[in-house]
Amino acid sequence: MQENYGRIPSGCAISGFINRDGRRVSGESIIQSIALMHDRSNGLGGGFAAYGIYPQFAEEYALHLMYDSERSREECEHFIADRFTVRHAEPIPTRHVPGIEDAPLLWRYFVRPREDRLHLPGRRPLSEDDFTVAAVMAINEGIEGAYVASSGKNMGAFKGVGFPEEIGRFYRLEEYEGYMWIAHGRFPTNTPGWWGGAHPFTILDWSVVHNGEISSYGINKRYLEMFGYRCALQTDTEVVAYLFDLLERRHGLPFPLVCAALAAPFWQEIDELPEEEREALTALRQVYGSALLNGPFSIIVGSRRGMVGLNDRIKLRPMVAAVSGDTVYLASEESAIIEICPQPDRVWLVRAGEPVVAELYAQAAEKARNKGAA
Amino acid sequence: MLKIDARGMHYRELNRRIKEAVAAGERELILENVNGQRYLGTGVNAPVRIEVYGVPGNDLGAFMDGPSIFVCGNGQDGAANTMNSGKIVIRGHAGDVLGYGMRGGKLHILGDVGYRVGIHMKAYKKQIPVLIAGGTARDFCGEYMAGGILIVLGLERGQQPLVGDYCGTGMHGGVMYLRGEVDPRHLGREVAVRPLEEEDLALLREHLGEYCSDLGLDLEEIMAEPFTKLVPVSSRPYGNLYAY
């Protein structure tokens with residue numbers, strides 16, 4: 001994919017909110033929020049993750065694809081048809097927006113893994129999720145000019161090269177309705193600005209937007225490779241999405257423990273804890289030492305269950321949180337929250353290494369899951 | 001007096017209008033519906049009064065030389081960055097890296113402040129910056145501080161620690177006053193706790209008196225609690241670095 005967009009150093013912007021009651025709203029407000037922080041980006045990347053937008057296909061994995069050419073599309077569609085039952089396929093609707101140039105071909109497929117591919121003779125059956133992860137890795141790594149933007153159920157990532165508000169208009173996000181929206185404005189520093197490299201980075205229904213840099217990328221990448229993940233998108237943030245998938249979905253750790261592994265307390269702090277906690281955190285650091293994220297970061301992680309905000313352990317990147325009724329907001333700047341929620345019940349400065357977890361209420365989560373069956 | 005409705009206005013436009021008004025002799029400005037506009041007060045080198053309603057953006061009053069800014073709302077990161085003179089009063093909390101490299105003037109914050117507050121503050125002769133936070137401060141408060149006065153009051157802090165870890169790490173000038181006791185594990189290796197002298201109390205009364213009148217607080221109530229004084233125990237740690 002093209003990488004000739006140059007390189008200019010500075011920061012990034014992130015913003016996200018969740019209606020914990022599952023109420024769905026259009027993409028208009030998240031565009032306004034991220035647009036307020038326009039000057040934190042430089043036009044080399046913008047993107048959104050939207051949850052609850054495909055209730056009519058809630059049981060299917062929604063594969064969002066980017067293609068460099070028709071040839072890439074043909075090859076990838078052959079690959080998909082070979083492994084999945086495709087319930088519906090269509091180009092992702094876009095509109096012409098000045099400033100958005102050189103868009104790849106953008107398609108989406110609502111698919112289920114084929115039963116016969118899950119149960120290969122003589123092999124342990126794969127879960128649908130694991131099968132889909134493997135397929136995404138194979139496309140990103142193996143099919144030239146084809147990249148998966150997202151692969152979760154009832155969610156999608158919409159990203160590209162441009163300012164985030166331009167990308168939002170390009171993808172017509174005001175026409176979608178979701179219960180959670182997460183956005184990113186990019187200012188690439190160490191890696192190229194290209195369509196596949198825009199945030200969010202995703203796998204299944206995980207999405208990650210990130211301000212900062214992951215200096216531990218090499219260690220994290222090699223660790224993830226042991227579990228079958230392939231980092232093919234040339235950007236450090238990719239590892240965060242796979243680490244959440246590995247630790248939460250596959251290893252079953254609750255969000256606070258995942259965060260304690262990724263942004264582990266310093267040994268000095270662990271030493272001061274009561275014995276039981278000290279032992280638990282020591283074990284966590286020993287088992288997941290290679291999952292530790294080093295370097296400055298503030299991230300928002302989305303999943304179908306909700307949103308997690310996390311800072312590095314010494315708060316080298318900004319993050320503010322707010323609550324208003326059933327809605328929780330996270331953003332790089334307080335003003336980006338105030339822009340869409342002028343009078344929150346509470347606003348606070350998020351602390352280093354202390355996650356903000358905002359999940360759907362149980363009832364709303366149940367409803368979101370059963371949408372397709374109902 | 002000039003009122004500007006800043007809703008939806010880019011920071012460049014807003015700052016251009018402020019500078020033009022000041023150049024034309026305006027001495028009192030009211031900025032309404034401010035939200036996220038950066039660098040307010042930057043490059044305004046006159047003793048004007050600016051009232052801000054809303055949330056001003058990052059680097060409020062950066063390099064400022066003269067104006068007094070009163071914010072009715074919360075502040076963001078980087079307020080008073082390398083400020084030279086004047087005053088900023090924030091009637092709410094404020095973010096990280098406040099008063100970075102501040103070399104004069106005053107920053108008065110009513111509520112909590114974030115990480116790295118007062119980092120690299122410095123003083124020269126009569127140029128003595130003063131930074132006062134009414135709530136708590138997080139890690140790296142006064143890190144590498146080279147001069148000036150940093151006061152943390154911890155009002156209404158409940159069980160929260162007054163300051164976070166690494167307070168005063170690398171500090172080699174100036175003084176910090178923390179209202180209440182500080183757990184030694186929060187302190188950097190380059191600072192020491194000293195008893196307050198009469199002149200410290202006089203200094204606190206002077207600066208906190210102004211702080212209290214800016215924010216409508218009771219000075220006697222604040223002075224009723226004992227303070228912890230922190231001073232550097234090294235001076236010019238890098239003095240010989242390039243002199244061998």
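**Exercise 1. Which residue in β18(A) is the bridge partner of V308(A)?**

Welcome to a predicted model, in which local features need pLDDT of at least 70, side-chain atom pairs count only at pLDDT 80 or more, and totals for chains, interfaces and linings use all residues. Residues are numbered from 1 along each chain as its sequence is written, while chains are lettered from A and ligands numbered from 1 in the order in which they are written.

Solution. 
- Start with the elements: helices (H or I, at least four residues) and strands (E, at least two) are DSSP runs, numbered from the N terminus.
- Next, find the pairing. Strand β14 (residues 306–311) of chain A runs antiparallel to β18(A), and four bridges join them; two strands pair if DSSP finds at least two bridges between them.
- Now read off the partner: V308(A) is bridged to V357(A).
- Finally, look at the side chains of β18 (residues 356–359) of chain A, which alternate.

**Exercise 2. Describe the side of chain A that touches chain B.**

Solution. 
- Count first: 14 residues of chain A are in contact with 15 residues of chain B. Contact means that the C-beta atoms of two residues, placed from the backbone, lie within 7 Å.
- Then locate them. In chain A, α11 (334–338) and β17 (346–349) each supply at least two residues of this side, and α11(A) gives the most, with four.
- Last, sort by class: eight are nonpolar, one is polar and five are charged. Ala, Val, Leu, Ile, Met, Phe, Trp, Tyr, Cys and Pro count as nonpolar, Asp, Glu, Lys and Arg as charged, and the others, Gly among them, as polar.

**Exercise 3. Work out the overall build of chain B.**

Solution. 
- Chain B has three helices and eleven strands, in the order β-α-β-β-β-β-β-β-β-β-β-α-α-β.
- The radius of gyration of chain B is 18 Å, close to the 18 Å that the globule rule gives for 244 residues, so chain B is as compact as a globular protein of that length. The radius is taken over C-alpha atoms, and the rule is 2.2 Å times the number of residues to the power 0.38.
- Buried residues make up 52% of the chain.
- Of the contacts in chain B with a separation of 6 or more, 40% come from residues 24 or more positions apart.

**Exercise 4. Follow helix α2 of chain B and what it packs against.**

Solution. 
- Helix α2 (residues 198–215) has 18 residues and reaches 25 Å from its first C-alpha to its last, close to the 26 Å expected, that is, 1.5 Å times one less than its number of residues.
- L204(B), L208(B), Y211(B) and C212(B) are buried in α2(B).
- The buried residues of this helix pack against β6 (106–109), β7 (130–133), β9 (173–179), α3 (219–223) and β11 (227–232) of chain B.
- Just after the helix, G216(B) takes a positive phi of about 70°.

**Exercise 5. Where does F140(B) lie, and is this residue buried or exposed?**

Solution. 
- F140(B) is in the loop between β7 and β8 (146–152) of chain B.
- Its phi is positive, about 65°, although F140(B) is not a glycine.
- With 27 other C-beta atoms within 10 Å, F140(B) is buried.

Note on methods:
A residue is buried if 20 or more other C-beta atoms lie within 10 Å of its own, exposed if 12 or fewer, and partly exposed in between; C-beta atoms are placed from the backbone.
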